[in-house]
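Here is a quick tour for anyone meeting this structure for the first time. Have the 3D view open as you read.

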Amino acid sequence: MSDWIQNTRRRDRRNPIRILILLGLVFSLGLVFSPEATADAFGDGKKAFKKGDLEGALPYFQQAVKDDPARDEAWRYLGQTYEGLEQWEKALEAYDRNISLDDRASEAQRGRGAALAHLDRKEEAVTAYRAAMDLNR
């Protein structure tokens, strides 16, 4: 075989075209798996919530608290969603979780008071409302 044929059959790992293809692949994978490209359950839930679609917002907030159980804002929105759907026990649980993460959460205290009032736990509701007012001062 001639030298030319043998040289063309050799694979040069430093071939610039291969390097460009590899870099393009790595860049594409970076875009696909970036945080901005993945679904943001909390953001989607807030959009639905602000539109008044509580049934639509609920699964997003449930996912958001599963994704990040320490995100107090997600628990607050979950509580507000349950409150709007008149699911008082679940609202109370979500507000309690929000308060355990942020003891200065006045909106969660207010929601806790509303849930307790609907559950006929009036004395506890008054205490929660007072705590909410004190936090808002």
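## Aromatic pairs

Let's start with the rings. This is a predicted model, and a search through the whole of the structure turns up 5 aromatic pairs. One of them is Phe42 with Phe61: the ring centres sit 6.0 Å apart and the planes meet at 55°, so this pair counts as tilted. Phe42 belongs to helix α3 and Phe61 to helix α4, and the pair links distant parts of the chain, 19 residues apart. Both Phe42 and Phe61 are buried.

Phe42 also pairs with Tyr77, and here the arrangement is edge-to-face, with 5.7 Å from centre to centre and 80° between the planes. Since Phe42 is in helix α3 and Tyr77 is in helix α5 (residues 72-84), this pair ties together parts that lie 35 residues apart in sequence. How buried are these two? Phe42 has a relative accessible area of 4%, and Tyr77 has one of 10%. Buried means under 20%, so Phe42 qualifies, and so does Tyr77.

Now put the rings together: Phe42, Phe49, Phe61 and Tyr77 make up one aromatic cluster.

## Helix α3 against α4

Which way does α3 run relative to α4? Helix α3 (residues 41-50) packs on helix α4 (residues 54-67) at an angle of about 155°, and their axes are 8 Å apart. That angle makes α3 roughly antiparallel to α4. The crossing of the two is left-handed.

On the α3 side, the contact is made by Ala41, Phe42, Asp44, Gly45, Lys46, Ala48 and Phe49. On the α4 side, the residues are Leu54, Gly56, Ala57, Tyr60, Phe61, Gln63, Ala64 and Asp67. Sorted by class, the contact of α3 with α4 has 9 nonpolar, 3 polar and 3 charged residues. You'll spot Phe42 and Phe61 in that contact, and these two are the tilted pair from above.

## Helix α3 against α5

Helix α3 packs against α5 too, at an angle of about 35° and with the axes 11 Å apart. This crossing is left-handed as well. From α3, the contact draws on Phe42, Lys46, Phe49 and Lys50; from α5, it draws on Glu73, Ala74, Tyr77, Gln80 and Thr81. The tally for this contact of α3 with α5 is 4 nonpolar, 2 polar and 3 charged.

Phe42, Phe49 and Tyr77 take part in this contact, and they are among the members of the aromatic cluster.

## Helix α7 against α8

The α7 residues in the contact are Ser106, Gln109, Arg110, Arg112, Gly113, Ala114, Leu116 and Ala117. They meet Lys122, Glu124, Ala125, Ala128, Tyr129, Ala131, Ala132, Leu135 and Asn136 of α8. By class, the contact of α7 with α8 comes to 9 nonpolar, 4 polar and 4 charged residues.

## The whole chain

Stepping back, what is the protein chain built from? It has 8 helices and 0 strands, so reading from the N terminus you get α-α-α-α-α-α-α-α.

Buried residues account for 31% of the 137 residues in the protein chain. Of the contacts in the protein chain with a separation of 6 or more, 38% are between residues 24 or more positions apart.

Notes. Residues are numbered from 1 along each chain as its sequence is written. This is a predicted model: local features need pLDDT of at least 70, side-chain atom pairs count only at pLDDT 80 or more; totals for chains, interfaces and linings use all residues. Side-chain values use heavy atoms; hydrogens and water are left out. Axes are lines fitted to C-alpha atoms, for helices over the stretch in contact, and angles run from 0 to 180 degrees between N-to-C directions. Helices (H or I, at least four residues) and strands (E, at least two) are DSSP runs, numbered from the N terminus. Angles under 35 degrees count as roughly parallel, over 145 as roughly antiparallel, 65 to 115 as roughly perpendicular and the rest as oblique. A crossing is left-handed if the near helix is turned anticlockwise from the far one by less than a right angle, and right-handed if clockwise. Contact means heavy atoms within 4.5 Å. Ala, Val, Leu, Ile, Met, Phe, Trp, Tyr, Cys and Pro count as nonpolar, Asp, Glu, Lys and Arg as charged, and the others, Gly among them, as polar. Rings of Phe, Tyr and Trp (its six-membered ring) pair if their centres lie within 6.5 Å; planes under 30 degrees apart count as stacked, over 60 as edge-to-face and the rest as tilted. Buried means under 20% relative accessible area, exposed over 50%, partly exposed in between (1.4 Å probe, protein chains only).
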